[in-house]
Amino acid sequence: MPSIKSVRGVRDILPAEAERWQRVEDAARRTFEAYGYEEIRVPLFERTELFARGIGDETDIVKKEMYTFDDRSGESLTLRPEATASLMRAYIEHGLHVLPKPVKIYTMGPMFRYERPQAGRYRQFHQLDVEALGEPHPAVDAEVIAMLLDFFGALGLAERLDLHLNSIGDPGTRKAYVSDLVRYLKPHEAQLCAQCRERLARNPLRVLDCKVPECQALIDKAPSILDTLSPDAGRHFLSVKADLDAMGIPYTVNPRLVRGLDYYVRTTFEVKTKDLGAQDAVAGGGRYDGLIEELGGSADPGIGFAVGIERVVLLLGQGDGQGGERRHPQVCLIPLGDAALKRLLPVARAARRAGLRVELGYGTRKLPKELERANRLGSPLAAIVGDDELGAGEAVLRDLKSGEQRRIPLARLVEELRSLSAARAR
Ligand code: ATP
Ligand code: MG
């Protein structure tokens, strides 16, 4: 029978890679919690309407990328393409706005977008998502950005990443800018790529984001959104930059940096790398002051970011060769025969409860096979018990690198393994 393969654009994370995922998740939790963020977990699917309203009807995500289906009762549901809309829904639904402001939350997990799969771009992918809600002060923007960079720093990636910063102003001035932009682009419409011609009609700001060289040439000469900021938005942007300066955080102001979702205002930012080819954005975020109200909640402002975990894991993989660090056992216990197995089962359990990583053979294989297995697993030690040792209440403790071995009473084995492993870790 033919075997069943996974779905296109969806991938398995095998044990050799999972260690890097755990490192990313641990660094995220530690960093975010130091800044006072708490974890929140929300469902993987929501009513379709939430994303249509929360992300924007005219965005690429809502127009082309959502996994939308009717459930058996005929209700339209969508697998979440991003987390912010779901977090805002939860914030409103559970009245989290009564908590001390800013309300600081984070989540992590899979997102779903129907995109063209390639390296660093998948149909099920994973994000870390962080939101600070209810505080309009520009220092929050700077703190959120600092936290994002600290997260990358904790993974040793800071040197390989650049922070790009922009302000896309307030809705009123942005509208005026968009008509300026359309007025500038219209006469050159024929030179734009097909997608940008479509964007020009639907979501002109997104043209600025196009990577096609012909479009780039035009975009370079387009009016800058930074020239159109309202006095308030201008002051906000100055303040964010000054706060980043105060923390010694370098950034590049990029007036072409616009984000794909409708809800952003004022501060937008992206963290990019030169090491991943076309999929260069590792994280992106910004301020979204009208979103909660738009979704039927309070007039609370918000700011947040999302990190693409696959891309971070790819970067980490380039750093440490290919395999990452597998978790090796610290010892393999090798019983030769069933009686020895019965004697070693409780020893293995005691050693594991003492915090050691222990592999146990089942007494069915010959010693050379067991030693081969121990070597393949990367274990530094083996403790072998045959009939002879069993009779004497001892084990042969063997250093698998040097081949040196000595006998040691079974009653003292766990203690001995603990001190040997502790010495090795030093
Ligand atoms: P891109 O320009 O790469 O399409 P985006 O603007 O659509 O990114 P966001 O919605 O801001 O991305 O998501 C934040 C981060 O999530 C991105 O910077 C990226 O690292 C990651 N990401 C987005 N889409 C995918 C995907 N299909 N596969 C893997 N990672 C993704
Ligand atoms: Mg995208």
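Tutor: "Pack" here rests on contact, meaning heavy atoms within 4.5 Å. This is a predicted model, in which local features need pLDDT of at least 70 and side-chain atom pairs count only at pLDDT 80 or more, while totals for chains, interfaces and linings use all residues. Residues are numbered from 1 along each chain as its sequence is written, chains are lettered from A and ligands numbered from 1 in the order in which they are written, and side-chain values use heavy atoms, with hydrogens and water left out.

Student: Which residues of α7 are the buried ones?

Tutor: In α7 (residues 194-202) they are Cys 196, Arg 199, Leu 200 and Arg 202. By the way, helices are DSSP runs of H or I with at least four residues, strands are runs of E with at least two, and both are numbered from the N terminus.

Student: What makes Asp 60 count as buried?

Tutor: Buried means under 20% relative accessible area, exposed means over 50%, and partly exposed is in between (1.4 Å probe, protein chains only). Asp 60 has 15% relative accessibility, so it counts as buried. This residue sits in helix α3 (residues 60-65). Leaving out residues up to four places away in sequence, Asp 60 touches Glu 65, Gln 195, Arg 199 and Arg 202.

Student: And why is Ser 73 called exposed?

Tutor: Its relative accessible area is 61%, so it passes the exposed cut-off. Ser 73 is in the loop between β3 (67-70) and β4 (76-79).

Student: How do you know that Ser 73 and Asp 71 make a polar contact?

Tutor: A polar contact is a pair of N or O atoms within 3.5 Å; within protein, one must be able to donate a hydrogen and the other to accept it, and residues adjacent in sequence count only if both atoms are side-chain atoms. The side chains of Ser 73 and Asp 71 come to 2.8 Å, and they make such a contact.

Student: What is the strand order of the open sheet?

Tutor: The eight strands run β1-β5-β6-β11-β10-β9-β7-β8, with mixed pairing. At the edges are β1 (38-39) and β8 (252-253), each of which pairs on one side only.

Student: What makes β1 and β5 a pair?

Tutor: Two strands pair if DSSP finds at least two bridges between them. Two bridges join β1 to β5 (residues 103-112), and these strands run parallel. Glu 39 stands opposite Tyr 106 in β5.

Student: How do β9 and β11 pair with β10?

Tutor: Strand β9 (residues 265-273) pairs with β10 in the antiparallel sense over six bridges, with Val 271 partnered by Ala 283 in β10. β10 and β11 also pair in the antiparallel sense, over five bridges.

Student: Why is β10 called largely enclosed?

Tutor: Six of its seven residues are buried, so the rest of the structure largely encloses β10.

Student: Which residues come nearest to ligand 1?

Tutor: Arg 113, Glu 115, Tyr 122, Arg 259 and Ala 281, out of 14 around it. A residue is near a molecule or strand if one of its heavy atoms lies within 4 Å of it.

Student: How far is the backbone of Tyr 122 from a nitrogen atom of ligand 1?

Tutor: A backbone N or O atom of Tyr 122 is 2.9 Å from that nitrogen. The protein covers 92% of the 580 Å² of accessible area that ligand 1 has on its own; such areas come from the Shrake-Rupley method with a 1.4 Å probe, and for residues only the protein chains shown count as cover. Two or more shell residues come from each of β6 (124-133), β10 (281-287) and β11 (302-308). The largest share, three residues, belongs to β10.
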